[in-house]
Amino acid sequence: SELAIVVNTANPVESLSLSELRKVFLGERSHWPSGRRITLVMMEPGQPERKALIHEVCQMNEGDFSKHFLQGVFTGEVFVSPKTLASPVGVRKFIFNVPGAIGYVRASDVDSSVKVIRVDGHLPSDREYGLHLQPRAAQ
């Protein structure tokens, strides 16, 4: 299944390149083009969605990802610390309530409370879409 990148429905952003998305999820961008502050939403370590995001978007593993934030806060290269939520419902609720939030859920967990953005021009339903969850068996 696919990993959908979701934002607040009021967010004018429709599409991000994979490299822009990587900067956002690594906390290296603090604001949206509109000037609104970015709030990063992650799922808990060990969740397949989180594993896929860190692997596919950040091109890291969990250890590198955590280290990046620890060091980055210290060196001032990271502007945003992720909020960690336990469930897709929690992620959707948080993003619905926080205009600058961005997070991710399985495409099958998307509903109308959040907006899916294109990655490199593609939506999760497109064949060319690049963000996939690893099959559960391979975990």
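**First stop: Arg92**

Select Arg92, which sits in helix 4 (residues 88–97); helices (H or I, at least four residues) and strands (E, at least two) are DSSP runs, numbered from the N terminus. This is a predicted model, so local features need pLDDT of at least 70 and side-chain atom pairs count only at pLDDT 80 or more, while totals for chains, interfaces and linings use all residues. Residues are numbered from 1 along each chain as its sequence is written, and side-chain values use heavy atoms, with hydrogens and water left out.

Arg92 counts as buried, at 17% relative accessibility (buried is under 20% relative accessible area, exposed over 50%, partly exposed in between; 1.4 Å probe, protein chains only).

**Next: the salt bridges**

The structure holds 4 salt bridges, each a side-chain nitrogen of Lys or Arg within 4 Å of a carboxyl oxygen of Asp or Glu. Pick Glu14 and Lys115: their side chains pair up at 3.2 Å, N to O. Glu14 is in the loop between strand 1 and strand 2, and Lys115 is in strand 6 (residues 115–116), 101 residues apart. Lys115 is buried at 15% relative accessibility.

Now jump to Arg106 and Glu49, bridged at 3.1 Å, N to O. Arg106 belongs to strand 5 (residues 101–106) and Glu49 to helix 2 (residues 48–57), so this pair ties together parts 57 residues apart in sequence. Both Arg106 and Glu49 are buried.

Finish on Arg50 and Glu62, whose closest N and O atoms are 2.7 Å apart in a salt bridge. Arg50 is buried at 6% relative accessibility, whereas Glu62 is partly exposed, with a relative accessible area of 28%.
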